[in-house]
Every structure is written in structure tokens, then in C-alpha cells.
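Thanks for coming. I will go through some helix packing and then one interface, and I will keep it brief.

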Amino acid sequence: MQSPLAQYLSDAANAGMTMAEAARALADAGWTTAHLAAAFGHSVVPMGSADVIEVADLVKRYATTTAVAGISFTVRRGEVFGILGPNGAGKTTTLEMIEGLRNPTSGSIHIDGLNVATQANAVKHRIGVQPQASTFFDGLTLRETLILFASFYDRTVDPDALLADVQLQEKATSKVNELSGGQKQRFSIAVGLVNEPVVLFLDEPTTGLDPQARRNLWDLVRQVNARGTTVVLTTHYMDEAEVLCDRIAVMDHGVIVALDTTANLLAAHGGDAIIEFTSDRQVDETLLAGLREVRSVRHEDGTHFVATAQPRHTLDDLFGAGRTQGFAIGSLTLKRPSLEDVFLNLTGHQLRE
Amino acid sequence: MNTFRTLVTSSALIFLRSKQALFFTLFMPLVIMVIFGMIGFDTPPTYDIGIVASAPQPGTAQFIAKLKELKVFKVHEGTLADERAALEEGDRTVVVAMPDDLIDGAAQAPRELVVYVNDGQPVQAQSTISMLNQYLDKTSLALAQAPTFFTLRQEKVASRDLKYIDFLLPGLIAMSVMQMSVFSVAFLFVQYKEKGVLRRLAATPMRPFQFVAANALTRLGVSVVQTSIFILVGVLLLNATVVGSYVLVALCVVLGALMFLGLGFTVSGIAKTVESVPALANLLVFPMLFLGGTFFPISSMPNWLQHVAKFLPLSFFSTALREVMTRDAGLSDIAGDLLGMLVWGALLIGAATLTFGFQERDSA
């Protein structure tokens with residue numbers, strides 16, 4: 001197949017280009033999936049289908065500070081991607097650069113294969129945004145606001161259906177400033193969805209909300225994600241990241257210190273689980289140390305602390321030892337490592353101080 | 001196009017639903033106009049004169065009675081001590097101590113009137129004295145039974161009677177359009193900026209220019225409606241007379257609104273918080289309220305001030321509008337003022353584009 005495309009691809013491979021680079025260069029040269037399908041004689045998966053966002057060597061420097069100090073990551077299509085870090089870690093700056101609201105000092109960002117710096121308008125058609133402080137026009141009702149925002153995308157929407165999605169249908173004729181904090185955030189998400197975006201960005205969506213409103217918002221995020229929208233959110237709440245995110249980038253002082261699934265992060269950086277128990281008599285420490293997967297043992301005020309890499313095996317052995325050695329276990333608590341521990345182990349300081 | 005149409009209707013709704021905007025663009029200027037129109041600055045000023053005559057004889061009493069008939073004088077009678085005290089208080093322009101036989105004894109020897117003058121009102125005192133003099137001359141001529149050599153015959157020629165409300169109306173329209181253009185934009189857009197509305201809009205494909213243009217267009221519409229209401233109230237309620245072309249009036253108003261919208265957006269660009277808007281906007285607008293020819297003519301100001309005042313944006317605007325509304329001026333008559341507005345408009349809109357943006361400019 002000596003078509004110009006095949007020639008191009010072999011040249012690209014010889015030049016040492018990666019797949020993503022070659023795909024981007026093809027897109028820039030005007031090749032579409034239809035061209036490729038014609039060239040290869042069968043249908044082609046859209047380019048960049050696996051990764052919906054590609055961030056490379058992103059830097060944001062201000063006069064005296066560096067907010068983002070060179071980060072690279074990709075967001076997979078369809079996932080909920082979290083950026084976790086304390087206030088001032090550079091989460092919002094990163095998010096706003098991806099959204100095209102701030103210009104990076106250096107580095108590149110592609111969304112759906114489009115360059116955010118040079119194809120800003122096309123990118124804006126594909127994204128939905130919920131900024132940290134979501135305010136709208138005081139004089140307009142929710143319904144009027146949705147119609148107005150839809151017009152920005154040259155769309156007509158069914159505002160009532162959108163409001164029903166975020167459980168605000170009965171507020172259609174209310175003004176935004178009459179809503180509660182949680183309602184405001186849900187409405188802000190509805191506004192972010194008027195253009196049926198490929199990616200929805202949420203900047204600290206539950207900061208300042210009460211527990212019930214947080215749970216409602218989490219449900220909404222899951223629901224949006226279940227319909228196929230990729231969600232990228234920033235948060236400084238561990239539980240939020242753990243509950244919502246498929247993968248988490250842990251950010252501190254402008255750099256990503258770890259990026260993985262929650263389970264992998266916990267396994268790699270969470271440290272040991274701790275089994276705390278009391279028993280009717282003191283158990284010999286060498287016996288406990290000999291149980292499977294045990295890392296360390298200590299006894300304090302009548303409570304045994306057993307650190308283990310694999311609580312399932314250790315617990316199994318512990319109950320067995322109780323039966324054979326004749327001690328009865330009183331209360332037992334299993335403390336699994338949390339993202340808090342992951343953060344502490346990675347950065348040496350607490351997430352919230 | 002759908003975007004722009006929706007933006008215009010939305011910004012009109014936002015304007016109409018803002019009580020603050022309606023208060024400042026319609027209610028307050030209307031109240032000012034009605035108050036000033038009712039007070040009526042058309043009646044000429046009167047002078048308070050004190051007459052001291054302890055026991056006037058019939059001729060003198062008659063003279064005093066005649067003085068009282070003159071509308072320019074408000075005559076007070078009292079003892080010398082009381083009237084001098086009133087003069088010192090500033091309640092009299094002059095106090096005249098009169099001999100009791102001013103007229104009756106004049107045949108024997110010239111009588112003397114002593115006039116005490118309020119030093120604080122030299123101009124008014126001077127004209128009061130010259131009116132008194134004139135009146136006394138007339139009386140002496142009558143006493144001397146001298147023949148009349150000259151008479152003045154007054155003939156009324158039908159001329160347009162320019163009342164104060166006629167002068168005020170165009171100035172008030174210009175002022176209100178200025179207030180509306182500057183404040184309704186500055187308050188709203190700084191609030192948008194501060195609360196992150198502009199940032200939210202920047203994340204959509206809508207072009208900032210469309211948003212600004214839609215808001216400007218709404219306010220141009222408001223300025224025309226505003227002007228119509230003022231003219232209607234002025235003509236129907238306060239008997240104002242408007243001559244001149246309404247097309248030219250509309251042209252002046254739209255041009256004036258455009259110019260001050262430039263100022264409004266410049267203020268929006270400079271002000272960081274809503275709290276700083278009144279201070280900043282008033283710094284620019286307040287002097288024009290007094291120097292821009294709204295309440296009194298620029299020609300009545302001191303010379304040096306006129307040279308500054310006549311180049312203010314509001315002065316060009318109010319002058320052009322007044323020339324059209326009170327004198328039926330044509331396009332060529334107000335070309336200079338229109339040019340002044342165009343130059344200011346270009347400068348202010350230029351300043352707005354330099355200072356106002358949807359996104360904060362990064363220092364990096």
C-alpha cells in the first residue's frame with residue numbers, strides 16, 4: 001500500500017514519532033478518520049480515542065512564584081479524573097490552563113486532539129466548565145440562563161429537561177441568587193452540560209457544602225459520567241477523591257507527586273494497615289510477629305497494634321492462633337491506609353494543615 | 001446571530017429587572033426635573049430694602065406706598081436700629097433713612113436720604129440704589145413740573161419665550177444619559193468581573209465583543225426611551241417647548257450614549273471591586289454635572305473656567321442637544337459639537353479597549 005498516507009506513516013515511524021504525535025500531525029495535516037477509513041478499507045477508531053486530554057510539560061510562572069512547575073499527564077476517555085492536593089498546590093491554575101482561561105508559560109495541552117492554545121474556540125465547544133465560584137446573572141431565571149448559555153454554542157436546549165437532570169425543575173423561574181449552595185453547584189453543572197461536552201471540568205465542586213448536599217453532588221457527577229462524559233475535578237477532600245475518581249493525580253507545590261488508581265496509590269504509598277485488638281490476656285509478641293504478612297507489633301495500654309501488609313492473611317492467622325493458643329479477642333478495629341496517608345508519605349506533610 | 005439576539009434580550013431583561021438601574025436612569029432625573037421645573041427660576045430676583053421713617057407726612061407716605069408697588073422691591077419698615085441690625089444680618093440689601101418730610105418739605109430745601117449699603121451684596125446694592133435714584137429723579141421732575149422731553153414707547157414683538165425648563169430639559173437629558181451609560185455599565189461589569197461571571201463566559205465560545213456589543217446596544221435603546229420620557233414629561237407636565245428635529249435629537253443622544261459607554265467600560269476596566277466604582281466614576285462624572293452646562297449655562301462661568309468647561313464631553317453633548325431643542329439648529333450648526341463628541345467617543349472607547357478585558361492579564 002504505497003499511498004501517500006502509508007509513506008507518511010513509515011516516515012513518521014522512521015523519525016521516531018510516537019503514535020500520539022503521528023496522529024496529531026495527521027490531524028494537523030487535515031486527515032480525518034474518514035480519510036483513514038478510505039485508505040485502510042475499513043472503519044477506523046477516532047484519533048486520540050483512548051486519551052481525551054494530553055498535557056505535556058505544563059509550566060505556569062508568575063513574576064515571583066511558580067504555580068505549576070512542569071507537569072505531564074493524560075486523561076482517559078470516559079473516566080473521572082481527580083487532581084488532589086492542598087490549597088495552593090496549583091490545582092486550579094492547572095485546570096484553568098486546560099480550560100483555556102489562562103495562558104501557560106510553556107508546555108502544551110490537547111483536548112480531543114485539538115490544541116488548546118491554537119484551536120481555543122473548537123476546544124470551548126467540546127468542554128463544560130464549573131468554576132470554583134459559580135455566579136451567573138442576577139437578573140435572569142435558571143431557565144433564561146440555560147437558554148442564553150445554549151445560544152453561545154448555537155444550540156437550542158430543553159432547559160426543563162436539563163433542570164430535571166439536576167433536580168431543579170421546580171426552580172425554573174427562580175433567580176440564581178435565590179438558590180442554596182448545593183443547588184447553585186448543581187445548576188452550575190447543568191449550565192456546564194448545555195453543549196453536551198466531551199469533558200466536564202469541576203473546580204472544587206463540594207467546597208463549602210453540607211454533607212447531604214455533597215452526597216447529592218457526588219451522585220450527580222456519577223450520573224453525568226455514566227452517560228459517557230469524561231469528568232475532571234479538583235478537590236482537597238480525600239473522601240471525595242476516593243469515592244468519585246477512577247484515577248487521581250496527587251499534586252503538591254506545582255508538581256504531580258503520584259498518579260494512579262486509588263487502589264494502586266494506596267497499595268504503593270499508603271503504608272501498612274493496622275489491626276488493633278484487645279484480648280482477655282496479653283498475647284505473646286513473638287507469636288504475633290510470626291503471623292503471615294506482619295510488619296511490626298506493639299502493645300500499649302492493653303491494646304495490641306499489629307501492622308500488616310495484607311490484613312486478610314494476618315486476620316485469618318490471628319483468629320486461628322486465638323483458637324489454638326486459647327485467647328479470646330475482645331474488640332477489633334482494622335485501620336486501612338487512606339489517601340491522607342498516601343499524601344503524608346509522598347510529601348511529608350498533611351493535606352490540610 | 002442567534003447568540004447575539006439572545007444576548008440582547010437577556011441584557012435588556014437584566015437592565016429592566018435591576019431596581020437600582022431604573023432608579024438612577026429614570027426616577028432620580030425625573031424628580032430633579034420636576035423639582036427644578038416647579039421652583040421656576042423664571043421670576044426675576046427681588047431686593048429687600050429697609051425704610052426708616054418715624055412719622056412720615058402724607059407726601060412721604062405716598063412715596064413709600066409707591067415703592068411698595070414695585071415688584072423688584074420687598075419693602076420692610078422699622079426703626080433705624082432694627083433695620084441696621086437686619087442689614088448687618090444680611091437680610092437687607094440697603095436700608096434707607098428717610099426724612100419725614102421728604103416730599104412735603106422738598107419745595108423749601110433739598111432733602112437728604114441716607115442709604116446704608118450691605119457690603120456683602122455690592123452688585124445688588126448698586127442696582128437698588130440706581131433704581132432708587134431713577135425713581136427720585138422722576139419724582140423731582142414731577143415736583144418741578146418740568147416738561148417731558150423723552151418718552152420710551154415699548155412695543156412687544158412676538159419672540160420665543162425661553163423658559164428655564166426649556167434650558168434645563170436638554171441638559172438634564174444629556175446628564176441622565178451620561179449617568180445611565182457610565183453607572184449602569186460600570187456597576188454591572190465590575191460585579192461580573194469580581195464575581196467571576198466574565199471568567200465563566202470566557203470558557204464558552206461566545207466572543208467577548210458580542211457580549212459587550214449586546215450590552216451597549218441595550219443601553220443605546222434605553223437612552224432613546226429615556227429621552228422620550230423626559231421630553232414627554234417636560235412638555236406635558238412642565239410646559240416645556242421643544243423645537244427642532246427629533247431625528248437630530250436622537251442622533252445627539254445616541255452619540256452621547258456611545259461616548260459615555262466608552263467611559264463606563266473604561267471605569268469597568270480600571271475598578272477592581274464594586275466598592276471602588278462610585279468613587280472612581282464620580283471622580284470623572286461629578287465635575288461634569290456642574291461644569292457640563294446642565295443646570296446653568298457655561299457662558300455664566302468665569303472666563304478661565306469656560307475654557308476648560310466647554311471641552312468636557314458632557315458640554316459638547318448638552319450644547320448640541322440644547323441648540324437643537326431650543327433653537328431648531330441644523331446639522332451644520334452643531335457640527336462642531338458633534339465632532340467634539342466623536343473625538344471624545346473615539347478616545348474613551350479606545351481607553352476602554354485598552355483597560356477592559358474578560359480575563360485578567362497575566363503578568364507572566
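Start with helix H1 of chain B, residues 2-16: its axis and that of H8(B) come within 8 Å and cross at roughly 50 degrees. That angle makes H1(B) oblique to H8(B), and the crossing is right-handed. On the H1(B) side the contact includes Phe4(B), Leu7(B), Val8(B) and Phe15(B), and on the H8(B) side it includes Phe211(B), Ala214(B), Leu217(B) and Val222(B). By class, this contact has 10 nonpolar, 5 polar and 1 charged residues. Keep in mind that this is a predicted model.

Helix H6 of chain B, residues 164-195, packs with H8(B), residues 208-238, at an angle of about 150 degrees, and the axes are 10 Å apart. An angle over 145 degrees counts as roughly antiparallel, so H6(B) is roughly antiparallel to H8(B). This crossing is right-handed. Among the residues that meet are Ile173(B), Val177(B), Met180(B) and Leu188(B) from H6(B), with Val222(B), Phe230(B), Ile231(B) and Leu238(B) from H8(B). The classes here are 14 nonpolar, 6 polar and 1 charged.

Now the two chains. How much area do chain B and chain A bury between them? About 2700 Å², with 56% of it on carbon and sulfur atoms. Chain B puts 27 residues into the contact and chain A puts in 35. The rule finds 3 salt bridges across this interface. There is a salt bridge between the side chains of Glu96(A) and Arg199(B), at 2.8 Å from N to O.

That is what I have.

Methods: Residues are numbered from 1 along each chain as its sequence is written. Chains are lettered from A and ligands numbered from 1 in the order in which they are written. This is a predicted model: local features need pLDDT of at least 70, side-chain atom pairs count only at pLDDT 80 or more; totals for chains, interfaces and linings use all residues. Side-chain values use heavy atoms; hydrogens and water are left out. Axes are lines fitted to C-alpha atoms, for helices over the stretch in contact, and angles run from 0 to 180 degrees between N-to-C directions. Helices (H or I, at least four residues) and strands (E, at least two) are DSSP runs, numbered from the N terminus. Angles under 35 degrees count as roughly parallel, over 145 as roughly antiparallel, 65 to 115 as roughly perpendicular and the rest as oblique. A crossing is left-handed if the near helix is turned anticlockwise from the far one by less than a right angle, and right-handed if clockwise. Contact means heavy atoms within 4.5 Å. Ala, Val, Leu, Ile, Met, Phe, Trp, Tyr, Cys and Pro count as nonpolar, Asp, Glu, Lys and Arg as charged, and the others, Gly among them, as polar. Buried area is the accessible area (1.4 Å probe) that two parts lose on being put together, summed over both. A salt bridge is a side-chain nitrogen of Lys or Arg within 4 Å of a carboxyl oxygen of Asp or Glu.
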